[in-house]
Protein chains: 2
Amino acid sequence: MEKAIVLLSGGMDSLVCVGEAVKNHQEIFFLHLNYGQKTSERERQAFEEIARFYNIDNHHCKIIDMTFLRQIGGSSLTDDRIEVKTFQGDSKGIPDSYVPFRNSIILSLAVSWAEVVGATKLYIGANDEDSPGYPDCRPSYYKAFNQLIKEGTKALNIEILTPVISLKKKEIVEKGIEHKVPFHLSWSCYKNSKEACGVCDSCSLRLRGFREAGIPDPIDYHKV
Amino acid sequence: MEKAIVLLSGGMDSLVCVGEAVKNHQEIFFLHLNYGQKTSERERQAFEEIARFYNIDNHHCKIIDMTFLRQIGGSSLTDDRIEVKTFQGDSKGIPDSYVPFRNSIILSLAVSWAEVVGATKLYIGANDEDSPGYPDCRPSYYKAFNQLIKEGTKALNIEILTPVISLKKKEIVEKGIEHKVPFHLSWSCYKNSKEACGVCDSCSLRLRGFREAGIPDPIDYHKV
């Protein structure tokens with residue numbers, strides 16, 4: 001049975017990937033990256049609560065501190081001087097929250113750990129709708145990354161899987177319900193850390209997904 | 001005039017890349033990664049002395065702490081429980097000093113910084129002879145990485161250059177002499193941090209390169 005690593009930010013997309021991985025693999029590892037985003041602590045809490053929900057022991061969980069990304073800067077998620085904007089619709093531009101090439105750093109680390117623990121599948125909750133204009137959330141990017149893994153690793157059989165990449169948020173909610181994932185433990189907001197703000201890009205997409213699926217979002221939102 | 005970043009470990013291969021970059025670009029940035037290897041401090045010293053030699057100011061130098069790689073482990077360079085072996089000839093196997101997929105993590109960070117500062121060329125001193133069996137030191141690996149950059153960045157014109165990848169150590173020494181690089185400031189040893197050990201893989205290849213080029217290596221070696 002192949003071992004799998006799931007990149008679990010604590011958001012709904014990565015949580016649904018956990019649901020998929022649990023269905024397909026017996027031994028699963030959870031990887032969480034704290035890359036200095038403003039809601040790090042809240043995301044870490046979501047990660048830990050989800051790990052507990054699925055009975056994943058400490059040996060199978062890893063949290064890596066990537067706060068050094070702040071040294072590089074260039075994004076509203078890591079640079080306190082750039083304010084996180086409220087939702088601006090499905091703009092085709094690159095959002096401020098873009099950390100240049102961040103996914104490549106994260107995926108490289110995940111592949112590194114996969115080699116060490118002998119995992120051959122890597123689940124990541126990248127989603128095209130979630131990230132319009134993020135160059136490193138497109139299917140062609142993941143295809144290029146899988147090619148890089150073939151060239152750059154000892155074990156030639158590690159593969160990145162992106163089970164929700166082409167799904168609408170509504171479909172992600174539906175898939176999560178099918179896998180009985182604990183949506184109440186997930187966290188998506190980019191802005192606040194106690195109650196979700198309900199207005200940032202990430203909250204807006206999440207709320208629309210639940211609304212279109214006709215299912216209430218079980219987390220609390222800040223009352224305006 | 002295009003800006004360039006040079007990944008400068010402090011070793012002779014990356015130093016010769018600096019020589020190349022200085023010839024081709026007016027504005028140059030130096031990037032150094034401390035990834036928790038045993039000789040980190042000594043390599044950092046070499047980096048700083050080389051930066052001073054070329055009058056690179058602080059704004060153009062960055063040192064990123066990647067000691068989190070120790071959390072992943074799996075290599076004799078980062079894991080104190082694995083002893084660094086003395087040179088075993090040009091073995092075709094993967095050396096113990098291999099950090100899984102490490103170059104992908106480093107290159108991803110460098111591309112991230114390149115986007116932020118607007119650099120379009122990235123020099124790295126990867127060398128095939130230096131790293132027989134390292135999967136991520138082969139030309140095909142860099143070709144795949146350049147493809148990944150095209151897919152995963154906003155600016156589509158960042159390119160990794162590997163000017164010494166196919167050179168023998170002898171030829172690297174000769175190219176360094178041609179560029180008048182300060183070999184006396186470089187550091188290659190994997191094992192010690194005061195005087196180079198002279199027997200680890202890295203020292204052995206370096207010494208052979210200078211010997212074959214008929215030029216004395218200007219650094220001190222431990223007297224056995």
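Modeller: Residues are numbered from 1 along each chain as its sequence is written, and chains are lettered from A in the order in which they are written. Since the model is predicted, local features need pLDDT of at least 70 and side-chain atom pairs count only at pLDDT 80 or more, while totals for chains, interfaces and linings use all residues.

Biologist: How do you know that the span of helix α1 of chain A agrees with its number of residues?

Modeller: The expected span is 1.5 Å times one less than the number of residues, so the 13 residues of α1(A), residues 12-24, should span 18 Å, and the end C-alpha atoms are 19 Å apart, which agrees. Helices here are DSSP runs of H or I with at least four residues, and strands are runs of E with at least two, numbered from the N terminus.

Biologist: Why is Asn24(A) called partly exposed?

Modeller: A residue is buried if 20 or more other C-beta atoms, placed from the backbone, lie within 10 Å of its own, exposed if 12 or fewer, and partly exposed in between; Asn24(A) has 14, so it is partly exposed.

Biologist: What makes α1(B) oblique to α6(B)?

Modeller: Their axes, lines fitted to C-alpha atoms over the stretch in contact, come within 9 Å and cross at roughly 40°. Angles under 35 degrees count as roughly parallel, over 145 as roughly antiparallel, 65 to 115 as roughly perpendicular and the rest as oblique, and therefore α1(B) is oblique to α6(B). In this pair, Met12(B), Asp13(B), Leu15(B), Val16(B) and Gly19(B) meet Ile172(B), Lys175(B) and Gly176(B).

Biologist: What makes two residues count as in contact, and how many residues of chain B are in contact with chain A?

Modeller: Two residues are in contact if their C-beta atoms, placed from the backbone, lie within 7 Å, and 34 residues of chain B are in contact with 34 residues of chain A. On the side of chain B that touches chain A, the largest share, 11 residues, comes from α4(B).

Notes: Axes fitted to C-alpha atoms, helices over the stretch in contact; angles between N-to-C directions.
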